[in-house]
Amino acid sequence: MAATSNRIEPNNGDWAVEAQGLVKIFGDNRAVDGVDLNVRAGTIYGVLGPNGAGKTTTIRMLATLLRPDAGSARIFGHDAVKESQIVRQLIGVTGQYASVDEALSATENLIIFSRLLGLGRAESKRKAEELLEEFGLTEAAKRPLKNFSGGMRRRLDLAASLIAQPPLIFLDEPTTGLDPRTRAQMWDTIRRLVKTGSTVLLTTQYLDEADQLADRIAVIDRGLVVAEGTVDELKASVGTSSLHLRVQDPAHIDNARRTIEHVLGVQSAVSSEAAKITAPMANADLVTDLLIALRAAGIPLDEVSVQKPTLDEVFLTITGHGVKDDSQSAAEEANKAKGAKA
């Protein structure tokens, strides 16, 4: 879904998405239970959560595919319900599964999509070739889709949704099923889209994906946004960074620990792994003082690193469970999908 005309040119002063109190109920299940989202144009906004959290349902409401039971959503200032036709001209949507025709080749699929969007025959062919190269599918351009791997289908699906590169692109778990190399290529493409003028709203279960891509993140769980902010803000909300050191000689472990506690003014913890010390670190400037003190005490080190809290720790702290370890898993998501179709 994308447009070729009446394009709004977003800038960093505009809000691409403004959603307040979105609610969607399927039977007895409140799939979305009052979601607020504000996405600034020209950014990548990540919606992070497990299966069944309400991510896909939220995207479908913002993209005019589902009508909210309560709340409101505006896309570049246009009401997603009352001005749905205008909104649809401003967005592109890529779902979790490829939505192309298996009976056709990759090239034929992209040409058909291009023609449907109003491009001429020659322009459609040029665009298809360009996108196939962008997504590493040139060698498979004439191959029947039934012979494509899951990762190739995902790439072709995203390519099809980007034919017109709309101002706002919804990517619902775009790298599900992709190998690490292809995921990295997809990340580069998403970054390029934003650099060339689009805004991206991305849902994901992958913590590293949100960490790598998103300017801001909403953590959603059981239909609610339970935390929102930049990656650094979310990590800071659950604690400070930690210092990890490994001494060369395990005999120095006690002396090293005393030195760390004195210089950093904290209580350290010796891990179960021999000769390794982990200590909380609120002031990064003190690391230099510590290294000097350890050298003066004749304690050589094998390894030094500073680690921020991970997004996994953020999610576990906020929700009480991991991103991949939620009781509302794939079965519930499937039930929601059935309800959406009803």
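Student: Which strands does helix H1 lie across, and at what angle does it run to S8?

Tutor: Keep in mind that this is a predicted model. Helix H1, residues 55-62, lies across S3, S7, S8 and S9. Relative to S8 (199-204), helix H1 runs at about 155°.

Student: Okay, what is the order of the strands in the open sheet?

Tutor: Six strands make up this open sheet, and their pairing is mixed. At the edges sit S6 (91-94) and S10 (224-229), each pairing on one side only. From one strand to the next, the twist averages 15°. Reading across, the order is S6-S7-S8-S3-S9-S10.

Student: How are H5 and H6 oriented to each other, and why?

Tutor: The axes of H5 (residues 150-161) and H6 (residues 180-195) come within 11 Å and cross at roughly 10°. Angles under 35 degrees count as roughly parallel. So H5 and H6 are roughly parallel.

Student: Which residues of H6 make the contact with H5?

Tutor: On the H5 side, the contact uses Arg-154, Arg-155 and Leu-158. By class, the contact has two nonpolar, two polar and two charged residues. From H6 come Thr-182, Gln-185 and Met-186.

How values were computed. Residues numbered from 1 in each chain as written. Predicted model: local features only at pLDDT ≥ 70, side-chain atom pairs only at ≥ 80, totals over all residues. Heavy atoms only, no water. Axes fitted to C-alpha atoms, helices over the stretch in contact; angles between N-to-C directions. Helix = DSSP H or I, 4+ residues; strand = E, 2+ residues; numbered from the N terminus. Parallel < 35°, antiparallel > 145°, perpendicular 65-115°, else oblique. Contact = heavy atoms within 4.5 Å. Nonpolar A, V, L, I, M, F, W, Y, C, P; charged D, E, K, R; others polar. Pairing = 2+ DSSP bridges.
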